[in-house]
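Please read these notes with the structure open beside them. They are written for someone new to looking at protein models.

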Amino acid sequence: MKRKSKFKLPSKYMLIILTVLCGILVYVSFTMNLSGGPLNTVAGYVFIPMQKGINYVGLWISDKTDNLKDLKDVMEENASLKAQVDDLTSELNTIKLEQYELNNLRELLKLDQKYPSYEKVAANVIGKDAGNWFSIFTIDKGTKDGVEIDMNVIAGSGLVGIVTDVGPNYAKVRSIIDDVSKVSSMVLTTSDRCIVNGDLQQMNSSQNILLTDLKDSDDKVAVGDPVVTSNISDKYLQGILVGYINTLGTDSNNLTKSGTVTPAVDFEHLEEVLVILEKKESGEEE
């Protein structure tokens, strides 16, 4: 079967034809001046509705043109505002980052002033072992900067850990929260000695580490007391803040006490540290 060809006259051509036809009718009506004649009557019936239609179409097209122009202006304005918002957002993020870095540097400066007798070098944390905590991590300073194994590392408000490996431009640090870490310590308010043990499981559950072997015969040690490194440690320099007692209880032997310590350092968000360029000369084993 042959398909029936569908002829569709474009709307713009239809408008042109109607316009020409109207013009002819207007010309005939005015030149012949057939007042009340049949031609004039026919012209009235044909021309007036067509004129209304043409006026309506013209107004419709004009409105659409104005709307399109307004829409184009709005889109251009919207694109300009979006670009301004993007620029301001980027600028705000930069300011926040700079403020964050400035706050970190201020904290390091305060910490440096807290231990003025030690020479130090600032370092950035550039890597860490898997997990949520900075238990073992790498910094960007090494032997070229005077860093050696067993040097103490501090940040925030106190002790981070100790250097365990070093290269020309890097060093590895084991923090006090690592499972194998033990720090000979003492309670600052009473000078009673104890051991602070790293415990990642305890960090995951309560963000604390363990305190053991506390000899507190006078029962003067209390929750909230600061714990610092003791003078008998063989690797840690004396008097560096470790943290604060969080819980405390008497052991089954009724001679010692155990509990937990909240570290003075945020071991979840370490970025910059200070390496003390001095090692403990001598001392008893931790």
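Predicted model: local features only at pLDDT ≥ 70, side-chain atom pairs only at ≥ 80, totals over all residues.

1. Six strands, in the order E1-E2-E5-E4-E3-E12, close into a barrel, and their pairing is antiparallel. From one strand to the next the twist averages 45°. As background, strands of a sheet pair through backbone hydrogen bonds, either parallel or antiparallel.

2. Partners of E12. Strand E1 (residues 120-128) pairs with E12 in the antiparallel sense over 5 bridges. Within this pairing, Ala123 stands opposite Val273, and Asn124 stands opposite Glu272. Strand E3 (residues 152-155) is also antiparallel to E12, with 2 bridges. There, Val153 is opposite Val275.

3. Burial of E12. How many of the residues of strand E12 (residues 272-276) are buried? The count is 5 of 5, so the strand is mostly covered, buried being under 20% relative accessible area. In a regular strand the side chains alternate between the two faces of the sheet. In E12, Glu272, Leu274 and Ile276 point one way, while Val273 and Val275 point the other way, and all are buried. Note that Glu272 is in this buried list.

4. One of its pairings joins strand E9 (residues 226-229) to strand E10 (residues 241-250), antiparallel, over 3 bridges. In that pairing, Pro226 has Tyr244 of E10 as its bridge partner.

5. Salt bridges. The structure holds 6 salt bridges. One of them is between Asp140 and Lys141, where the closest N and O atoms are 3.8 Å apart. Asp140 is partly exposed because its relative accessibility is 24%. Lys141 has a relative accessible area of 18% and is therefore buried.

6. A salt bridge between two loops. Asp150 forms a salt bridge with Lys235, with 3.9 Å between the closest N and O atoms. Asp150 lies in the loop between strand E2 (136-139) and E3, and Lys235 in the loop between E9 and E10, so the pair ties together parts that are 85 residues apart in sequence. Asp150 counts as partly exposed, at 26% relative accessibility. Lys235 is also partly exposed, at 34%.

7. The salt bridge of Lys257. The side chains of Lys257 and Asp219 meet in a salt bridge with an N to O distance of 2.7 Å. This pair links distant parts of the chain, 38 residues apart: Lys257 is in strand E11, and Asp219 is in the loop between E8 and E9. Is Lys257 buried or exposed? Lys257 is buried, since its relative accessible area is 12%. Asp219, in contrast, is exposed at 56%.

8. Positive phi angles. Most residues other than glycine have a negative phi. Asp219 has a positive phi, near 55°. Asn254 is likewise not a glycine and has a positive phi of about 60°. Asn254 sits in the loop between E10 and strand E11 (257-263), and this residue counts as exposed, with 62% relative accessibility.

9. The aromatic pair. The structure holds 1 aromatic pair. Phe134 and Phe137 form this pair edge-to-face, at 6.1 Å centre to centre and with 75° between the planes. Phe134 is buried, with a relative accessible area of 10%. Phe137 is buried too, at 1%.

10. A nonpolar surface patch. Ile16, Val20 and Ile24 form a nonpolar patch on the surface, and together they have about 270 Å² of accessible area. Ile24 belongs to helix H1 (residues 11-32). At 47% relative accessibility, Ile24 is classed as partly exposed.

11. A contact across the sequence. Which distance separates Ser206 and Thr260 in space, C-alpha to C-alpha? They are 9.5 Å apart in space and 54 residues apart in sequence. Ser206 lies in helix H3 (residues 200-206) and is partly exposed, with a relative accessible area of 32%.

Conventions:
Residues numbered from 1 in each chain as written. Heavy atoms only, no water. Pairing = 2+ DSSP bridges. Helix = DSSP H or I, 4+ residues; strand = E, 2+ residues; numbered from the N terminus. Patch = residues over 30% accessible without salt bridge, like charges linked within 9 Å, V, L, I, M, F, W, Y side chains within 5 Å. Areas by Shrake-Rupley, 256 points an atom, 1.4 Å probe, with all protein chains shown as cover. Salt bridge = Lys/Arg side-chain N within 4 Å of Asp/Glu carboxyl O. Buried < 20%, exposed > 50% of the residue type's maximum accessible area, 1.4 Å probe, protein only. Phe/Tyr/Trp six-rings, centres within 6.5 Å; stacked < 30°, edge-to-face > 60°. Axes fitted to C-alpha atoms, helices over the stretch in contact; angles between N-to-C directions.
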